[in-house]
Amino acid sequence: MKIYSPHQTELWLTCPIKRRLVKAGYRVTLAGKRDLAALLGIGWAAGLAEYYSGKTERYQKAIAAMEERRKELHVPDYLRAQADAIPKRLEAGLKSYADPLPESWRIVAIETSHPEEGNIRPDLLVHTGSELVPVDHKIKINDQSSREGQLGYQDILRYRDSWQMYHQARLCKRLTGQLPTAYYISRTVLEPRLTTTLLSFPVDEENHQRWELSAERVWLQMEKEDEGLEEPWQAATHHDQFGPCEFYDMCYTYKYHDHLAAERYFIPEGDG
């Protein structure tokens with residue numbers, strides 16, 4: 001059975017057809033709010049990889065990573081100001097970033113890909129002195145509840161018992177033979193003032209075992225689709241917190257006709 005990364009798996013769980021389009025090379029060229037959030041996250045991850053490597057060019061790396069993706073997108077006029085503000089926000093955030101990890105923790109790996117686990121790539125693998133644990137970076141521009149001295153409760157709930165959490169815990173167990181007791185999120189909110197909080201989510205062994213049973217069934221289905229043995233199905237819903245799925249028009253407006261969809265999507269060569 002083939003193992004897939006959390007990114008690939010979560011994409012499939014969101015919509016198997018969406019994953020097939022992405023895997024085939026289809027991409028949105030007209031940016032939306034979802035894409036701007038992704039640009040910020042890409043830059044932040046690249047900048048912090050440099051930070052934890054002890055290098056000084058973290059801002060330059062962050063901008064380069066963000067611009068590499070942005071050049072593939074057409075940003076509409078109504079989003080241009082938000083897109084143009086991303087480099088300044090990254091610069092301010094990286095200059096003011098304070099490491100939330102305890103000084104006694106030792107960094108073992110930084111954005112290292114693990115082919116044996118579907119090329120999963122935690123932002124950090126850290127040894128606490130007693131165990132190996134995963135740490136992921138998350139960033140938000142602002143958080144209404146943080147202005148009231150509280151963390152964004154609903155936003156944080158989506159990290160608890162997430163696929164990413166359990167798969168990274170599985171990786172730690174593969175590497176050390178020991179399931180970590182916690183998964184960590186380093187969560188940064190940029191405005192109105194920069195705050196970074198280290199969040200801890202407990203990893204329960206019984207819950208992890210149940211997740212593995214589900215994961216094996218999901219990965220088996222994904223593998224069947226990749227080998228052409230079965231066809232993907234449509235998702236039950238087509239909207240999220242950012243609005244319609246970025247491939248909604250491909251499916252329902254253009255009905256998979258590439259010559260019509262070319263005005264909004266990058267069409268891979270050889271498809272039609």
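Of the contacts in the chain (heavy atoms within 4.5 Å) with a separation of 6 or more, 66% are between residues 24 or more positions apart. The model is predicted, so local features need pLDDT of at least 70 and side-chain atom pairs count only at pLDDT 80 or more, while totals for chains, interfaces and linings use all residues. Residues are numbered from 1 along each chain as its sequence is written, and side-chain values use heavy atoms, with hydrogens and water left out.

The secondary structure comprises 10 helices and 9 strands, taken as DSSP runs (H or I, at least four residues, for helices; E, at least two, for strands) and numbered from the N terminus. The chain is as compact as a globular protein of 272 residues, because its radius of gyration of 20 Å is close to the 19 Å that the globule rule gives for that length. The radius is taken over C-alpha atoms, and the rule is 2.2 Å times the number of residues to the power 0.38. Along the principal axes, the C-alpha atoms fill a box of roughly 55 × 45 × 35 Å.

Buried residues account for 45% of the 272 residues; buried means under 20% relative accessible area, exposed over 50%, and partly exposed in between, with a 1.4 Å probe and protein chains only. The chain has 35 positive side chains (Lys and Arg) and 41 negative ones (Asp and Glu), with His and the chain ends not counted. The centres of the two sets lie 3 Å apart, each charge being placed at NZ of Lys, CZ of Arg, CG of Asp or CD of Glu.

Strand S5 (residues 182-191) is largely enclosed by the rest of the structure, because 9 of its 10 residues are buried. Strands pair if DSSP finds at least two bridges between them. S5 runs parallel to strand S4 (residues 132-142), to which 7 bridges join it, and Asn142 stands opposite Glu191 in S5. Ala182 stands opposite Pro202 in S6, and a hairpin of 3 residues joins S5 to S6.

Two residues illustrate local surroundings. Ser5, in the segment before helix H1 (6-14), is buried, with a relative accessible area of 12%. Beyond its neighbours within four places in sequence, Ser5 is in contact with Gly118, Asn119, Ile120 and His167. Arg106 lies in strand S2 (residues 106-110) and is exposed, with a relative accessible area of 51%. Outside four places in sequence, Arg106 is in contact with Leu125, Val126 and His127.
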